[in-house]
Amino acid sequence: MASPAPKTSAKAAKKAAAKRGAAKADMDRPGRQHSLYALSERIYSGKRCFYCGQLLRGSHTREHVFPLWLQKRFGMANQCLTLLNGTQIPYRQLTVPCCPTCNNVHLSKLEKRVRSLLFESPIAEARRDLKDIYIWANKILLGIVYAERLLPLNRRYPRGRAILPREMHDMFNMTHFLIQGLRFPIRFTAEGEERIPGSAFLFDLKSPRNQELQFDFKDNLFGLSVSLRLGNRGIVTLSDGGAIDLSVGDLLRRDGKRKLHPIQFDELAAKAFYKATLLNRTPKYIMTEFNGAVEVMQMPLMGLSSKPVFDDWNQTAYAHMLSVLTGYPVERLKPDDTDRVMTFISDAEGNPVNIPLGRSANRSPTMNKANRRGNSKKATMSTIKRRCAALTRG
Ligand SMILES: [Zn+2]
């Protein structure tokens, strides 16, 4: 039975509406736009810029989640991304609302810088400055999440529930704020050092000749982890306040020193993705704002608890993550009850393995198709939630 509506006087209702209106107007005032408040209170809608949250008046512009230059370079305009509900959308159609300033100024400058860092600069130079690459990868993830909050779960009911489960609506708030560095200066410090607000790795890869096999994208929403394979460059980013970098960053960089086969890149991404699911702390921040510049200090992850920052590594769970990222069945990656999981990086003696880009490599399951979760079955909201939970458990 429905409970009776609380009695409010017309005057109180009017006052509350005025307050809501004022808060909304306040949010849209230029001076307020860079506060965390403006972004966290922002309503995801087709009328707001996905990046800065500004209300779009007059002509709407739309931004391709995967930029046009990338679509052209890797011939992927007609390839599809699998959304959380199992439906597929061609990259050329995946767009989000964007204000002209973000589109033509901030993001267009970012695209130029990232393009040059990835494909025109020596990799050592690009690795020294991973901030732009980190923001760029997260901007893509933000775009997908934004689209999934707007697109209907069931296309037959365009006004029905959106794809992204309600519980996951706030997951991107902090990262969304931390990647606003294109619009105003943000200084991020963690463990006493100035750094990027997450972990980012760039790998040198062997690139398949076939253009259609040169691109791959994978993500994990719980760790806000992204893996992007772009020809001879591989990017892995995690929104973890730098925890992965501080714990296993050196190992990943050591294994990634040489030119890797795409499957080896997938293995390193799986290690980082899985490690991110083991993080058992929620980073806390102290934020100050002065003269339009923002300083964000991340509190030490260890905090006051004596419990380790990461839960114990479990080889079975890791094998599942490796299977999601490489496309190989778990039974092949972890054939028995021992703790052994197949590796493509080193041989039994621990020596680095060189895998040539042969015909068999081109047929490897991971490179067959660019998509997100390797599963294109139609899904209901409960399967979406199960799928997300399965990813955390590995
Ligand atoms: Zn904007």
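This note walks through a metal site, a sheet, a surface patch and some salt bridges in a predicted model.

1. **The zinc site.** Start with the metal. Four cysteines coordinate the zinc ion through their SG atoms: Cys 49, Cys 52, Cys 99 and Cys 102. The distances run from 2.3 to 2.4 Å. The site is tetrahedral, with angles of 100 to 115 degrees among the four donor atoms. For four tetrahedral donors, the ideal angle at a metal is 109.5 degrees.

2. **Where the zinc donors sit in the chain.** Along the chain, the donors of the zinc ion show the spacing C-x2-C-x46-C-x2-C. Cys 52 and Cys 102 link distant parts of the chain, 50 residues apart. Cys 52 is in the loop between helix H2 (36-40) and strand S1 (61-64). Cys 102 belongs to helix H4 (residues 100-119). Buried or exposed, these two, Cys 52 and Cys 102? Both Cys 52 and Cys 102 are buried.

3. **The four-stranded sheet.** Next, follow the strands. An open sheet is built from four strands, in the order S6-S5-S12-S11, with mixed pairing. Strand S6 (193-194) and strand S11 (285-290) are the edge strands, and each of them pairs on one side only. S11 and S12 run antiparallel and are joined by six bridges.

4. **A nonpolar patch.** Which residues make the nonpolar surface patch of about 250 Å²? They are Ile 286, Met 297 and Met 299. Met 297 is part of strand S12 (residues 293-298). Its relative accessibility is 40%, so Met 297 counts as partly exposed. That class lies between the cut-offs of 20% for buried and 50% for exposed.

5. The whole structure holds 14 salt bridges. One of them joins the side chains of Arg 187 and Glu 295, at 3.1 Å from N to O. This pair also links distant parts of the chain: Arg 187 is in strand S5 (residues 186-190) and Glu 295 in strand S12, 108 residues apart. Arg 187 has 36% relative accessibility, so Arg 187 counts as partly exposed. Glu 295 is partly exposed too, because its relative accessible area is 39%.

6. **A salt bridge within a helix.** Now look at helix H9 (residues 262-278), which holds both Lys 271 and Glu 267. The two are four residues apart, about one turn of the helix. They form a salt bridge, with the closest N and O atoms 2.9 Å apart. Glu 267 has a relative accessible area of 0%, so Glu 267 is buried.

7. **A salt-bridge network.** Shared partners connect some salt bridges into one network of Arg 195, Asp 245, Asp 250 and Arg 253. Within this group, the side chains of Asp 245 and Arg 253 meet at 2.8 Å, N to O. Asp 245 is buried, because its relative accessible area is 18% and the cut-off for buried is under 20%. Arg 253 has 36% relative accessibility and so counts as partly exposed.

Methods. Residues are numbered from 1 along each chain as its sequence is written. This is a predicted model: local features need pLDDT of at least 70, side-chain atom pairs count only at pLDDT 80 or more; totals for chains, interfaces and linings use all residues. Side-chain values use heavy atoms; hydrogens and water are left out. Patches are made of residues with over 30% relative accessible area and no salt bridge: like charges are joined within 9 Å, nonpolar side chains (Val, Leu, Ile, Met, Phe, Trp, Tyr) within 5 Å. Accessible areas come from the Shrake-Rupley method with a 1.4 Å probe; for residues, only the protein chains shown count as cover. A salt bridge is a side-chain nitrogen of Lys or Arg within 4 Å of a carboxyl oxygen of Asp or Glu. Buried means under 20% relative accessible area, exposed over 50%, partly exposed in between (1.4 Å probe, protein chains only). Two strands pair if DSSP finds at least two bridges between them. Donors are N, O and S atoms within 2.8 Å of the metal (3.2 Å for Na, K and Ca); water is not among the atoms, so sites may look incomplete. Four donors count as tetrahedral if all angles lie between 85 and 135 degrees; four count as square planar and six as octahedral if opposite donors are over 155 degrees apart and all others between 65 and 115; anything else is irregular.
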